[in-house]
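These are my notebook entries on a structure that I had not examined before. I set down what I looked up, entry by entry.

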Amino acid sequence: MGRSYFVTGTDTGVGKTLVASALIHLHAARGLRTGGMKPVASGAFRQDGQWYNEDVQALQAVANVALPAALVNPYLFRRPTAPHIAAAEERRTIDLDHLARCHAQLQAACEMLIVEGAGGFMVPLDRHHNSDELVARLGLPVVLVVGIRLGCINHALLTCQAVEARGLTLVGWVANLIDALEGQADAMIESLAQRLQAPLLGRLPWSPGMTAAQAAARLTWPDPA
C-alpha cells in the first residue's frame with residue numbers, strides 16, 4: 001500500500017492542480033510509481049463523445065502509472081461550480097464510501113498517490129458532508145497551496161486550524177504568487193512562515209503557463225519519517 005497525500009488550497013483558483021501535478025512529477029522522477037486522483041471535479045468539456053476535465057487531464061499527463069479513469073476521477077460534473085450544487089443540478093449524489101473504495105484501489109496500485117481536492121478544504125459535497133470529512137476518513141496528510149494575495153494569511157491560518165481540528169497533519173505548504181501586482185508578497189510569505197507550524201515546500205513565481213516540471217524544480221519534499 002503506497003503513501004497518499006491530499007492537496008488543498010486556501011480558495012479555488014490558487015494553483016492546486018499545478019502543485020499536485022508538480023508533486024506527481026517530483027515523485028515520478030524519483031522512480032516511484034506515482035499517480036493522481038481528483039475525487040470530484042466540476043467543469044467539463046466534451047470531445048469525441050466523452051466528457052473531460054482539464055485538472056484531471058493535467059494529473060494524468062504527469063503520472064507514470066496507468067490508472068482507470070473511473071478511479072482517478074469518480075465524479076465529474078459539467079458545470080464549473082461548487083460540487084454539491086453541480087451534483088444537485090445533475091440529480092447525482094457524491095458517495096463518500098465509493099470515493100474511499102476508489103482511493104484504496106489507487107493506493108494499492110501506486111507507491112505515491114497525490115489527491116487533489118476541489119476548491120478549499122471544507123467545500124461542500126452534499127447537504128450534510130464537506131470535503132474535510134472525506135480527507136479525515138482517508139486519514140491523509142495535507143499539503144496546503146496558498147494563493148499569495150490580499151487575505152491569504154487569514155485564509156491559510158483558518159485552513160490550518162480546520163486541518164488540525166480534523167486530527168490531520170499539515171505536512172507543508174506552497175506559496176503561489178497568483179497576483180502579478182501584489183507588492184507585499186514577500187511580507188505575506190514571511191508572516192505565514194512565522195505562523196504556520198509546517199515547512200514551506202516552495203515558492204512559485206507569477207508565471208502563466210508554468211509546467212509541472214518547472215514547478216517541481218522549485219519544490220522540496222520532506223523525507224518520510
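This is a predicted model: local features need pLDDT of at least 70, side-chain atom pairs count only at pLDDT 80 or more; totals for chains, interfaces and linings use all residues.

**Entry 1. The chain as a whole**

I looked up the secondary structure and found nine helices and 10 strands. The radius of gyration is 17 Å, close to the 17 Å that the globule rule gives for 225 residues, so the chain is as compact as a globular protein of that length. I then took the span of the C-alpha trace along its principal axes, which is about 45 × 40 × 35 Å.

I asked what share of the 225 residues counts as buried. The figure is 49%. The accessible surface comes to about 10700 Å², and 50% of it belongs to carbon and sulfur atoms. Among contacts with a separation of 6 or more, 76% join residues 24 or more positions apart.

For charge, I recorded 18 positive and 19 negative side chains. The centres of these two sets lie 4 Å apart.

I found Asp-48 in the loop between strand 4 (45–47) and strand 5 (50–52). Asp-48 is not a glycine, yet its phi is positive, at about 55°. With a relative accessible area of 72%, Asp-48 is exposed.

**Entry 2. Val-115**

I placed Val-115 in strand 7, which covers residues 112–120. Its relative accessibility is 1%; buried means under 20%, so Val-115 counts as buried. I then listed its contacts, leaving aside neighbours within four places in sequence: Ser-4, Tyr-5, Phe-6, Val-7, Met-37, Pro-39, His-103 and Leu-140. For Val-7, I also looked up the separation from Val-115: the two are 108 residues apart along the chain, and their C-alpha atoms are separated by 6.0 Å.

**Entry 3. Met-188**

I found Met-188 in helix 8 (residues 185–195). At 10% relative accessibility, Met-188 counts as buried. Beyond its neighbours within four places in sequence, Met-188 is in contact with Ile-148, Arg-149, Leu-150, Cys-152, Ile-153 and Glu-182. I also checked Met-188 against Thr-93: the two are 95 residues apart in sequence, and 39 Å lies between their C-alpha atoms.

**Entry 4. Cysteines**

How many disulfides does a search of the whole structure find? I recorded zero. Cys-102 is in no disulfide, and the nearest cysteine sulfur, that of Cys-110, is 13 Å away. The cut-off for a disulfide is a pair of cysteine sulfur atoms within 2.5 Å. Cys-102 is buried, with a relative accessible area of 2%.

Cys-152, already noted as a contact of Met-188, is likewise in no disulfide. The cysteine sulfur nearest to that of Cys-152 belongs to Cys-160, 14 Å away. Cys-152 counts as buried, at 1% relative accessibility.

Key. Residues are numbered from 1 along each chain as its sequence is written. Side-chain values use heavy atoms; hydrogens and water are left out. Helices (H or I, at least four residues) and strands (E, at least two) are DSSP runs, numbered from the N terminus. The radius of gyration is taken over C-alpha atoms; the globule rule is 2.2 Å times the number of residues to the power 0.38. Buried means under 20% relative accessible area, exposed over 50%, partly exposed in between (1.4 Å probe, protein chains only). Contact means heavy atoms within 4.5 Å. Accessible areas come from the Shrake-Rupley method with a 1.4 Å probe; for residues, only the protein chains shown count as cover. Lys and Arg count as positive and Asp and Glu as negative; His and the chain ends are not counted. The place of a charge is taken as NZ of Lys, CZ of Arg, CG of Asp or CD of Glu.
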